[in-house]
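Student: I've got a two-chain model open and want to go through it piece by piece. Can you take my questions as they come?
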Amino acid sequence: MSQDIQQLQATAHQVRRDIVRMVHGCQSGHPGGSLGCTDFLVALYFKVMKHNPAFNMDAIGEDVFFLSNGHISPVFYSVLARSGYFPIAELATFRKINSRVQGHPATHEHLPGVRIASGSLGQGLSVAIGAAKAKKLNGDSRLVFSLHGDGELQEGQIWEAAMFAPHNKIDNLITTIDVNGQQIDGPTAKVLTLGNLRAKWEAFGWDVLEMKGNDMEDVVKILELAISKTGQGKPIAILMYTEMGAGVDFMMGSHKWHGVAPNNEQLAAALAQLPETLGDY
Amino acid sequence: MKKYTYTEQKDTRSGFGAGLLEAGKRNPNVVALCADLVGSLKMEAFIKEFPERFIQTGIAEANMIGMAAGLTIGGKIPFTGTFANFSTGRVYDQIRQSVAYSDKNVKICASHAGLTLGEDGATHQILEDIGLMKMLPGMTVINPCDFNQTKAATIAIADYHGPVYLRFGRPVMPIFTDADQKFEIGKAWTVNEGKDVSIFATGHLVWEAIKAGEILESMGIDAEIINIHTIKPLDVEAVLKSVAKTRCVVTCEEHNRLGGLGDSIAQVLVQNDPIPQEYVAVNDSFGESGVPAQLMEKYGLNDVSIVKAVQKVMQRAGK
């Protein structure tokens, strides 16, 4: 394992600590999906994307990331803060009154790093396509990344957007689906089955890759592979297989921790599994 | 009564098409999106001139609004085009979250608003859109009255930074405002100065108010007619200045009486200067198929209805 990957893993440990502490701090929020997507967001912000924490909304000459499944805001906020977009200490204000760190990501309070509000599901792919189109119009060769939950694919707007992007050769876009098979009311297979996701995205005209989302080496490898496939006339979809709650044993394996905060004992048990690597906020 | 004459009649949607072309010429960041209604929205001239700045979304309005929000990230000024019903009710949450709450510089341009859409009937005749849009924090709501004003408004909103709802329609109407007018967002236009009643009108009802003013003049009533093209932000100063003189009000709009211009004016009156007001608006119902003029008569949205409302409100005011 390269030193690079080890460093990313160490960062991921700290981000996971941040997540459970943030959710514990306000006794609300969504730890499950946040923990599952930690490796992906750490890889994006600390390795893969070219981005500038001296935040500029228009992101000219920068890669851009959109979080469409806004409820996993804890991981997004932690990664943004740890990347230097805003003070790490501000994570303590998550979901509290008079904070920029809202329950779901918002631009309204001008939190650096957030370019669109999300929370009401299914809207982020359209936004990402619009931003990718703007990059093409501007002659900007950087890329647009987006992340979506698998349950989110039950929203119809996703498929409007999925149809649009290949038809219009939006090939500067890498869309990742967090396939953890869980949603609020239970397993996706039970609530509303998603079927063969590879076949669906391919049928819509996307170039589809698959990724082990909680294996940092594979995350980096597949993201780099995805980047190598941009500019070839097709948008790219990554089916990222993750475990909801990854990194905290008792939060894994069910939908139970989708939107529940740990109590004091559970927090201590979680933190015992997550070494402090960069210093807590 | 100031005389308004016209030599030409056109639809307000054509004013939008002309304005969009002009805005596109003036600013290279102006882009247009349309959900399979290019001809109805009169976007052909823009598309011919700037094919690379036009995005055909297909029949997918939610995706269109989301993409418009995304296009602003990178400095584009997107104008979305579809019918008013599909521009608002169908995509309310997309506008709310991705545009209004996200402070995005999107111009939502909506044709075929109201009853004057005509024969297609109530599925397409939205009468609730002004209310839906004005309730969104930060949203500007504009309903111009003729071809020239719609063209000027379209050019003006490209220069304004922030989300805008621009509402216009299908019927061919007299062109009675100046071709070279400067459109000021949020600034009421005094169509006629008068002393007996204040008639506040928006959209297609402005021409009906002018016709009503002529009838009222023949009855010895001196009506002040004010065009409220910008429903939000409302020109409160102009409203209060007029009512201070006239002491009674009629509001006119091609919209449900709930949530439209009338309610915006009523809120100003009740908080500042409570005086009698009558509504010329659709009485909390859906529309139906028919020729636009028949519908406007049946639902009480024409010059005759305005005259009746004026008589009633003046009586209530003890005049």
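Student: How many bridges join strand S3 of chain A to strand S7 of chain A, and do they run parallel or antiparallel?
Tutor: Six bridges join S3(A), residues 173-179, to S7(A), residues 236-241, and the two run parallel. Two strands pair if DSSP finds at least two bridges between them. Helices (H or I, at least four residues) and strands (E, at least two) are DSSP runs, numbered from the N terminus. A word on the source: this is a predicted model, where local features need pLDDT of at least 70, side-chain atom pairs count only at pLDDT 80 or more, and totals for chains, interfaces and linings use all residues. Residues are numbered from 1 along each chain as its sequence is written, while chains are lettered from A and ligands numbered from 1 in the order in which they are written.

Student: Which residues stand opposite each other in that pair?
Tutor: A:Asp178 faces A:Met240 in S7(A). A:Ile174 stands opposite A:Ile236.

Student: Is S3(A) covered or exposed?
Tutor: Mostly covered: seven of its seven residues are buried. Buried means 20 or more other C-beta atoms within 10 Å of the residue's own; exposed means 12 or fewer, and partly exposed is in between, with C-beta atoms placed from the backbone.

Student: Which side chains point which way?
Tutor: A:Leu173, A:Thr175, A:Ile177 and A:Val179 point one way from S3(A). A:Ile174, A:Thr176 and A:Asp178 point the other way. In a regular strand the side chains alternate between the two faces of the sheet.

Student: What else does S3(A) pair with?
Tutor: Strand S2 of chain A, residues 144-149, joins S3(A) through six bridges, also parallel. There, A:Gly149 has A:Asp178 as its bridge partner. S2(A), helix H6 (residues 156-167) of chain A and S3(A) form a right-handed β-α-β unit. Right-handed means that, with the strands pointing away from the viewer, the path from the first strand over the helix to the second runs clockwise.

Student: Switching topic. Why is helix H4 of chain A called largely enclosed?
Tutor: Because eleven of the eleven residues of H4(A), residues 73-83, are buried. The elements covering them include helices H1 (3-26), H2 (31-36) and H3 (38-48) and strand S1 (64-67) of chain A. After H4(A) comes A:Gly84, with a positive phi near 100 degrees.

Student: Now the interface. How many residues of chain B are in contact with chain A?
Tutor: 22 residues of chain B touch 29 of chain A. Contact means that the C-beta atoms, placed from the backbone, lie within 7 Å. Helix H3 (61-72) of chain B gives the largest share of the chain B side, eight residues.

Student: How does H3(B) look by itself?
Tutor: H3(B) has twelve residues and reaches 17 Å from first C-alpha to last, close to the 16 Å expected at 1.5 Å a residue. That expected span is 1.5 Å times one less than the number of residues. Twelve of the twelve residues are buried. Just after H3(B), B:Gly74 takes a positive phi of about 125 degrees.

Student: What's the strand order in the five-strand sheet of chain B?
Tutor: S9-S11-S10-S13-S14, an open sheet with mixed pairing. S9 (189-192) and S14 (277-282) of chain B are the edge strands, each pairing on one side only.

Student: How are S13 and S14 of chain B joined?
Tutor: Five bridges join S13(B), residues 249-256, to S14(B), and the strands run parallel. B:Val250 stands opposite B:Glu278.

Student: Last one: where is the cis peptide bond?
Tutor: Between B:Lys232 and B:Pro233, with omega about -5 degrees. B:Pro233 is in the loop between strand S12 (230-232) and H9 of chain B.

Terms used
Two residues are in contact if their C-beta atoms, placed from the backbone, lie within 7 Å.
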